[in-house]
Amino acid sequence: MLHDWGVIAAAFGYIGFLFLVASHGDRLSPTQRGRASALIYPLSLAIYCTSWTFFGSVGFASRTSVDFSRSMSARS
C-alpha cells in the first residue's frame, strides 16, 4: 500500500517533469520544434488520457459515494 506522502511526492514529481518538458519546448527554435514534437505529442496524449481517467473516477465516485470506496478496496 502506498503512503500518502509517496503519492503526493509522485504527483509533484510528475507535474514537475511535465513543466520541464514544456519549458524546454518553449525555448526551442521553430526548426527544432519539429523534432521535439515526436516526444511532446505522446506526453500530451498521456496527460489527456490521465485527466479523463481521473475525472471519470471522480464522476463515478460522486454517483456511487460509499460503494466506490468499497469497490476500490475490493480490488486491492
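Guide: Tyr 41, Leu 45, Tyr 48 and Trp 52 make a nonpolar surface patch of about 500 Å². Such a patch is made of residues with over 30% relative accessible area and no salt bridge, where nonpolar side chains (Val, Leu, Ile, Met, Phe, Trp, Tyr) are joined within 5 Å and like charges within 9 Å. A salt bridge is a side-chain nitrogen of Lys or Arg within 4 Å of a carboxyl oxygen of Asp or Glu. Accessible areas come from the Shrake-Rupley method with a 1.4 Å probe, and for residues only the protein chains shown count as cover.

The model is predicted: local features need pLDDT of at least 70, side-chain atom pairs count only at pLDDT 80 or more, and totals for chains, interfaces and linings use all residues. Residues are numbered from 1 along each chain as its sequence is written, and side-chain values use heavy atoms, with hydrogens and water left out.

Tyr 41 is placed in helix 2, residues 30-64; helices (H or I, at least four residues) and strands (E, at least two) are DSSP runs, numbered from the N terminus. Ser 44 also lies in helix 2 and, at 37% relative accessibility, counts as partly exposed. Between Ser 44 and Leu 18 there are 9.1 Å in space, C-alpha to C-alpha, and 26 residues in sequence.

Helix 1 (residues 4-27) packs against helix 2 at an angle of about 150°, with the axes 11 Å apart. The two helices are therefore roughly antiparallel to each other, a term for angles over 145 degrees.

As to the whole, the protein chain has three helices and zero strands. Of its 76 residues, 9% count as buried. The chain exposes about 6,500 Å², and carbon and sulfur atoms supply 71% of that area.

Note on methods. Buried means under 20% relative accessible area, exposed over 50%, partly exposed in between (1.4 Å probe, protein chains only). Axes are lines fitted to C-alpha atoms, for helices over the stretch in contact, and angles run from 0 to 180 degrees between N-to-C directions. Angles under 35 degrees count as roughly parallel, over 145 as roughly antiparallel, 65 to 115 as roughly perpendicular and the rest as oblique.
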